[in-house]
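Could you walk me through this structure one selection at a time? I have the viewer open and would like to know what to click on next.

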Amino acid sequence: SYSRYKNSMAWLCCIKSNGTRHSTLDRGLRYVGTQWNAFTVRLVMRPTLDDIEKHLLSGGAIVLNYKWHDTDKDVRYRHYSLITEVSQHKTMFQIVNGRSGPGSAVMWIPRDEFKNHELRFQRVDPKCKAWFLTKKEG
């Protein structure tokens, strides 16, 4: 169940208020995916929009990590978002923990907004990573 995965990931990744390291998240994702025979993990550096759309349309999900600049506070952050779905016509993305302003933690955002807000940061971020999660059959 979702709560079992969430609680296990929080423990495995040593989630703290100041964030989680890439290596710790990677280890946690691979452990949960293998231990519960739930999904496989493939690390992709600087994925393209086409890569992301193809993976989502095939039923996968993606954890995307990128840096961004909060111009209001003049602070730079790293951020994780979970992309769970793309609409059939590729016009909307469902994203969890996005940066699209106030509202629900799970939201549908237009493709252009996803491209401009989530993906534009990878052009200047050589450490932009994505974990492509593929559900195991059975």
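Helices here are DSSP runs of at least four residues, numbered from the N terminus. Keep in mind that this is a predicted model.

**Stop 1: helix H3.** Select residues 49-57, which form H3. Colour Leu-49, Ile-52, Glu-53, His-55 and Leu-56, as these residues are buried. Now look down the axis of H3: the buried residues fall within an arc of 165°, so they line one face of the helix. Then click on Gly-59, which follows H3 and has a positive phi, near 100°.

**Stop 2: the largest nonpolar core.** Show the core's 17 residues. Which of them touch the most other members? They are Ile-52, Leu-56, Ile-62, Ile-83, Phe-93 and Phe-114. Two or more residues come from each of these elements: H3, strand E2 (61-70), strand E3 (75-86), strand E4 (92-96), strand E5 (106-110) and strand E6 (129-135).

**Stop 3: Leu-56.** Zoom in on Leu-56 and set aside its neighbours within four places in sequence. Leu-56 is then in contact with Ala-61, Ile-62, Ile-83, Thr-84, Glu-85, Val-86 and Phe-93.

**Stop 4: a second core.** Next, select Leu-29, Val-32, Phe-39 and Val-41, which are among the 10 residues of a second, separate core.

**Stop 5: helix H2.** Select residues 22-35 to see H2, a helix of 14 residues. From its first C-alpha to its last, H2 reaches 20 Å, close to the 20 Å expected at 1.5 Å a residue. Buried residues in H2 include Leu-25, Leu-29 and Val-32. Finish at Asn-37, which follows H2 with a positive phi, near 50°.

Note on methods
Residues numbered from 1 in each chain as written. Predicted model: local features only at pLDDT ≥ 70, side-chain atom pairs only at ≥ 80, totals over all residues. Heavy atoms only, no water. Buried < 20%, exposed > 50% of the residue type's maximum accessible area, 1.4 Å probe, protein only. Arc of directions from axis to C-beta. Core = buried A, V, L, I, M, F, W, Y, C linked by side-chain atoms within 4.5 Å. Contact = heavy atoms within 4.5 Å. Expected span 1.5 Å × (residues − 1).
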